[in-house]
Amino acid sequence: MRSYSLTAPAKINLYLEIIGDRPDGFHELVMVLQSVELADIVDIQSSDTQEIYIHCDHPEVPVNETNLAYRAAALMCQTFPEMHANYGGVVIKIHKNIPVAAGLAGGSGNAAAVLVGMNLIWKLGLTQPDLQDLAAKLGSDIPFCISGGTAIATGRGEKLATLANLDDIWVVLAKYDNISVSTPWAYKTYRQQYSESYICDPEGVKSRTSEVHSSPLLKAIADEDSAEIGKLIYNDLEKVVLPEYPQVAELKSAFAAQDTLGTMMSGSGPTVFALCESKDKAIALQQQIRQQITDPHLNFWITKLSSGGIQIKSST
Ligand code: ATP
């Protein structure tokens, strides 16, 4: 039986707009999602028993049935009971490079890797759209994590359309290791503060969504115009997260005062990212911010936008 080692990249949001509420209780969103090269490694192989085993080298990540990677494996076992009976359960080892609870979809990427990995070890022959349909049952960001690259996501984030490849742009990611933001809290607080401005009728939602499809940001992405992209990035959730977490607001201001293409909080935060034209500029930017904010809890990662989703690193 083969075993696979997969890379599961982090994502940042170049755009996140909350349009309104959906009948299913989720928010209606328009997002531009973007993979970066910073990635977790997910190893997967069949186990000798029917169980699903999770190992992870990060102390804050649960290794029980609440782990998103476990939930992905359980969904595959439920969906393909004969394969589960034939091949047994799986052993999943997660090597975390992506910071946890950071707005970088680390857990979602791990779950996406498990769906891809089990499709391989069980020789199911599922296509990417098949895998993305399964992924949508687990979480809104997981279909994107499978295909990666640059995409516009609508609905609750699961309806995807691929955009131009932007992998020439460098990124500095910065996150305090003693601050984490709960994604449900961020959306709930946004609803409490902004639901009066929500668009509720389906026609209104459709029309706002198509406005974003033809917006200047989407044009800049199609033109691969990194200077314009940097000016147009946007995230509604900053309106609730930055006032609650002043250190994150100060971090964003520190980036904004420097020479970057643009800076923004990713997803529900608290990671702040800055886009740069080159690796040298990204290194210089990190050094400047480090000199200004000497808090040892602040960590940095230099990475690049990436055109790929889950990739096979090796197989044995
Ligand atoms: P998103 O951007 O999708 O909201 P995130 O980057 O903010 O995600 P994650 O790193 O995915 O957040 O983790 C959120 C919480 O989920 C963590 O606090 C952790 O307890 C739990 N979790 C469950 N499975 C995983 C996993 N495989 N990796 C990381 N965290 C996980």
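How much area is buried between domain 1 and domain 2, and what percentage of that area do carbon and sulfur atoms give? The answer is about 3,100 Å², with 65% given by carbon and sulfur atoms, where buried area is the accessible area, taken with a 1.4 Å probe, that two parts lose on being put together, summed over both.

Before I go on, please keep in mind that this is a predicted model, in which local features need pLDDT of at least 70 and side-chain atom pairs count only at pLDDT 80 or more, while totals for chains, interfaces and linings use all residues. Residues are numbered from 1 along each chain as its sequence is written, and side-chain values use heavy atoms, with hydrogens and water left out.

The domain assignment gives domain 1 as 3-163 and domain 2 as 170-306, and such bounds come from an automatic or database domain assignment. Taken over C-alpha atoms, the centres of domain 1 and domain 2 are 22 Å apart. Domain 1 brings 35 residues to the contact and domain 2 brings 38 residues, contact meaning heavy atoms within 4.5 Å. Of the area that domain 1 buries against domain 2, 19% is supplied by Leu-14, Leu-16 and Ile-19, more than by any other three residues.

Arg-208 and Glu-17 form a salt bridge in which the closest N and O atoms are 2.7 Å apart.

On the side of domain 1 that touches domain 2, β1 (4-21), β2 (27-46) and β5 (150-154) each supply at least two residues, and β1 gives the largest share, 11 residues. Strands here are DSSP runs of E, at least two residues, and helices are runs of H or I, at least four, numbered from the N terminus.

Now the ligand. A backbone N or O atom of Gly-107 lies 2.8 Å from a ligand oxygen atom, whereas for Asp-141 a polar side-chain atom lies 3.2 Å from an oxygen atom of the ligand.

Finally, two backbone details: the peptide bond from Gly-269 to Pro-270 is cis, with omega near 5 degrees, and Pro-270 lies in the loop between β9 (262-265) and β10 (272-276).

Methods. A salt bridge is a side-chain nitrogen of Lys or Arg within 4 Å of a carboxyl oxygen of Asp or Glu. A polar contact is a pair of N or O atoms within 3.5 Å; within protein, one must be able to donate a hydrogen and the other to accept it, and residues adjacent in sequence count only if both atoms are side-chain atoms.
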